[in-house]
Amino acid sequence: MNQKEKYVLQLQKKARQRKKDKVFIVEGMKMFQELPKERLLQTFVSESFLRSHGSLLQGISYEIVKDAVFADLSDTKTPQGILAIARQYEYKMEDLWQKKEPLLLVLDTIQDPGNLGTMFRAGEAAGISGVLMNQETVDIYNPKVIRSTMGSLYRVPFYYSNQLSEDIKKVKAQGIRLYAAHLKGSLSYDQSDYKGGTGFMIGNESRGLCKELGDMADSYIKIPMCGQVESLNAAIAASVLLFEAARQRRK
C-alpha cells in the first residue's frame, strides 16, 4: 500500500485527521456523482470499476488501485470501486436560518451514525433549512453518516456548536420557536403550528434531551403511540415531526 492509499485509510478511520486537513471521504457511485465537482480533490478507482465504468470518468483525473487494495481502503463490505477525497463544508450558524420561515433540527449528543445521516436525508426531503448540533454529536464526516445521508450532506447546512445552550438563545432571538420531543409533552405533535420559524429539539438515543436544553424549549410535544412502545428511534421521531411541519407548510 503506497502513501496515498495509507492516507485514505487514515481519513476513513480518524476524525482528527479529517478535521485537521478539512477533508472527507466519499464512497460509491451515487455519492461520487452528486458531489459538487469544486469539492473534489482526488479520485481512486479499482481496476474492475475502470473496466466496467471507465467511460463515467471522462474529464476526471484518477488513481487506479488493485481490487484487493481497494477492498482494504473501503469502509463497506461490498465496495463499489470508486471513492474520492473531498473538501469539507464550512458554515456559519447564521446560514441555518436563511430561508424565509426556517425549519431546524437541534440535536443533543446524537451518537448513532445511521441516525444522524437519516435525519439529514429526511430533513432535506421535508424542506429543512439547517441542523444545529453539539460537539458530542457524532462526526458528520464519519463514513457511515455520509452514506446514510445519501447526498443530503451536500445540500443541508449544519453547524457544530461549542456551547449549545448559548447558541439556542441566538436561534430563539431569530423568532424561531423550539419544540422538544419529550415524554412529558402534554400536546400531541400534530396540534402545534409549525408554519412560522420552527426548530425541533432531539435528544440522545438513550437518555433523551438533557434537562438544561429541554428547559429552553418553548413547548414540549409528544408523538402518541399505541401498544407498549414508550419511545421511537431518534431519527424516526425527527422524521415524523419534520414531515408534519412540511405537511402544514404545503397547505
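**Legends for a predicted model: the chain and its cavity**

**View 1. Helices and strands of the chain.** The chain carries 10 helices and 11 strands. Please keep in mind that this is a predicted model.

**View 2. Overall dimensions of the chain.** Along its principal axes, the C-alpha trace covers about 60 × 40 × 35 Å.

**View 3. Burial, contacts and surface.** Of the 251 residues, 50% count as buried, with a relative accessible area under 20% as the cut-off. If we take the contacts between residues at least 6 apart in sequence, 75% of them join residues at least 24 apart.

**View 4. The cavity.** Searching the whole structure turns up 1 cavity of 30 Å³ or more. The volume of the largest cavity is about 40 Å³.

**View 5. Residues around the largest cavity.** Here we can look at the lining itself: Gln 12, Ile 25, Val 26, Glu 27, Met 31, Pro 143, Ile 146 and Arg 147. Two or more lining residues come from each of the elements β1 (23-27) and α7 (143-149). Sorted by class, the lining of the largest cavity holds 5 nonpolar, 1 polar and 2 charged residues. Gln 12 is the polar one, while Glu 27 and Arg 147 are the charged ones.

Conventions. Residues are numbered from 1 along each chain as its sequence is written. This is a predicted model: local features need pLDDT of at least 70, side-chain atom pairs count only at pLDDT 80 or more; totals for chains, interfaces and linings use all residues. Side-chain values use heavy atoms; hydrogens and water are left out. On a 1 Å grid over the protein atoms alone, a cavity is a set of points where a 1.4 Å probe fits but cannot get out, and a pocket is an open set with protein on both sides within 12 Å along at least five of seven lines; lining residues have an atom within 4 Å of a point. Grid points are joined across faces, edges and corners, and a volume is the space filled by probe spheres set on the points. Helices (H or I, at least four residues) and strands (E, at least two) are DSSP runs, numbered from the N terminus. Buried means under 20% relative accessible area, exposed over 50%, partly exposed in between (1.4 Å probe, protein chains only). Contact means heavy atoms within 4.5 Å.
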